[in-house]
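Biologist: Please take me through the strand pairing and helix packing of this model.

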Amino acid sequence: MTFITGKTGVFEPDSRVVIAGGGPAGAFFAVALLRRAKQARQNIRVTIIGKQAAGQTGHRIQKSEMRESVCEGVIWPGAHQRLIENGIFLPDGMICRNIEHVWIHGCWKNFPFKVPAHQKLVTLHREAQKSGNRDQPLEFKAFLLQTALAHGAVLKIGEVRKIRYGRDGKPVLTAREGSGNTFEITADFAAIAAGLGDDGRGNRCSQHLFRSYQQIQPRFAPAKVRRVLIFDLKTGRDYLQKYMSREMYLILSGCRNPHLEEITLIPRFDCLSVVMTGKSIDRASSTADVQTIIQEFLSLNQVQTILPHLAESPVCPARLLLTLKPAGPARMYYGDRIAWIGNGLGAPEGRDGLDAALITAEALAETLIEEGFDRPHLSKGYGRVVQSLAAEALYDRLLYRLLRPALRHPLSARILYQAFATEMKRNTMDQWPLGRLLWGLASGTVRGRDAWFAGLRPPVLRSLLTGARKSVRNILTERFFGLRWRSRGRYPTVILKEK
C-alpha cells in the first residue's frame, strides 16, 4: 500500500498497531482492525500486550484471569449482533442459558417481555467448561482473545506500565512481564484498552499507565466510576428451573433499605448471579457491610416474591466481587497515534457495557483504516462516535431518573402497567408504543436520545393516558366494593394478542 493522495497520518506497509490490554475491547478491536485492513488490502501487524492467563501455553488459552465486570456474564442483543457482524459466533459450549423472557419489576405488577425472535440474549458460563476440543476456549474473554490470534494478532505477555512518544513521534510502550523483567515496544499506533483501573475490591487503584498517559496528555481525565456488587447464590438447578426457567429479572426501581438503584437477577446453570448498584454499595467499607446488604436484599418483599423460600435458610454467596462500572465519560482520550477504547471511556447509564466497549473498538478500527491515525482524523471519525456515546449518557440519566421513581411509586407504577397491559391485549409486540420503549431501555437496543423523544410522541402519550384512565376506574371500583390487595398477590393476567 502507498500513501493516499491528500491524506496524512495513514499506515505505511507493515505498520505495527499495539494494543495495551487483552480484554474484550482490546481483542475485539484487533479482530475489527484486521478484518478491515484485509478488506482494504493493507498489511498491518497487530500486537496485543495482555496479562498472562492461567494454564496458557503458547497461543492456547484455557482460563482467563480477567474479571467479568464488562459484560457481567450476559450478552445482550446489541452486543450479540455486533459480534455476528464482525464474524464472531459464540460456541454452544460457552452459552449457559438462552434467555427467552425478561421481567421489569414494578411495585404494582411486573412487566413481561419475550425476547424477539430476531434478537438473542444469553448468559455465559463463569469459567471454561470441559470440552472434547482442547484448543477451543469456552470462557468469553479468552474466546475473544483466541479469535484475535486466529485473525493474525500476536500476543505478548505483560502489563503495560508506561507510554511515551519516541524521537520519531511514535508511541513507545513499556511493559512488565510476570517475572518482573520489562520490555519496550514501538508502535505506529497504540490503542489502550486498560479498563477502569479496578483493584478487585471495588476501589480504583493508582495505575502507572493512567499517570504515564497524563504526562503526554495533561488534560486527560479517566472515566468516573462507581461500585458494582456481583455475587452468586447456589440455588441449585431444580430451583432455577422452577422459578426462573430461561427468565431474567430487572429491578430497575431498586429499593430504599438497603439503598439500591438497580438489581439484575441472572440465572446460570445451577446458581443465580445478582448484580447490584446503589448508594449502600458505594458506602460499603467492609466485608460485614457487604454481607449485611446481601441479607437485607434477600429479605425484600419483591425478591421473596420472585425467589420464594430463598431467605429462609442462611445463604453464603458462592462468589462475591466488588468491581467498578463507568459513571461518567473520560476526557482527552486520544492524541496523535494514541487512543483509549473500551469501558475506560465511560458508558451511558443503562447501556450494555460490553456493547459500548465494542462500539468504541469498532469505531476506532474504522477510523484508522478509512481516515487516519493523527489527531485531526481521529477527531473526525472516532471522536464523534465517543462524543455521541457521552451525549447518550445525558439522555439515559434523565430517562432513568424518571423511570425508577415511576416504577417505585404505587400509583405511577399502576398507570404504567395498565398502559402496558392494554397494549399487550390489543396489539402484537412490534406495535407496543410504550412496551417497545421499555424493552429498548432494558435491553439497550434503543438509543437514549431516541427513547427520550419516543416517550414524548403521541402514541406513547395516548397509551399513558389510557393507563391513567383505566387505573382511576379500577381504583374507584375497588373502593366502592371495599377491595384490598395488600394480602393478595398481584400477577400479570393479560392474554397476549398473539394468543
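**Sheet and helices**

Biologist: In this predicted model, which residue of β15 is the bridge partner of tyrosine 249?
Modeller: Strand β14 covers residues 247-251 and strand β15 residues 262-267, and the two pair in the antiparallel sense over 3 bridges. The partner in β15 of tyrosine 249 is leucine 265.

Biologist: Which strands stand at the edges of the sheet?
Modeller: The sheet is open, with 7 strands in the order β6-β5-β14-β15-β16-β13-β17 and mixed pairing. An edge strand here has a single partner, so one side of it is left without a neighbour in the sheet. The strands in that position are β6 (111-114) and β17 (319-328).

Biologist: What angle does the direction of helix α7 make with that of β13?
Modeller: Helix α7, residues 287-298, packs on the sheet and touches β13 (224-233), β15, β16 (272-277) and β17. Its direction and that of β13 make an angle of about 65°.

Biologist: At what angle does α12 run to β6?
Modeller: Helix α12 lies across β5 (101-104), β6 and β14. Relative to β6, α12 runs at about 80°.

Biologist: Are α11 and α12 roughly parallel or roughly perpendicular?
Modeller: The axes of α11 (residues 410-426) and α12 (residues 433-443) come within 8 Å and cross at roughly 115°. Angles of 65 to 115 degrees count as roughly perpendicular. The relation of α11 to α12 is therefore roughly perpendicular.

Biologist: How many nonpolar residues does the contact of α11 with α12 have?
Modeller: Leu416, Ala419, Phe420 and Glu423 in α11 meet Pro433, Leu434 and Gly435 in α12. Besides 1 polar and 1 charged residue, the nonpolar count in this contact is 5.

Terms used
Residues are numbered from 1 along each chain as its sequence is written. This is a predicted model: local features need pLDDT of at least 70, side-chain atom pairs count only at pLDDT 80 or more; totals for chains, interfaces and linings use all residues. Side-chain values use heavy atoms; hydrogens and water are left out. Axes are lines fitted to C-alpha atoms, for helices over the stretch in contact, and angles run from 0 to 180 degrees between N-to-C directions. Helices (H or I, at least four residues) and strands (E, at least two) are DSSP runs, numbered from the N terminus. Angles under 35 degrees count as roughly parallel, over 145 as roughly antiparallel, 65 to 115 as roughly perpendicular and the rest as oblique. Contact means heavy atoms within 4.5 Å. Ala, Val, Leu, Ile, Met, Phe, Trp, Tyr, Cys and Pro count as nonpolar, Asp, Glu, Lys and Arg as charged, and the others, Gly among them, as polar. Two strands pair if DSSP finds at least two bridges between them.
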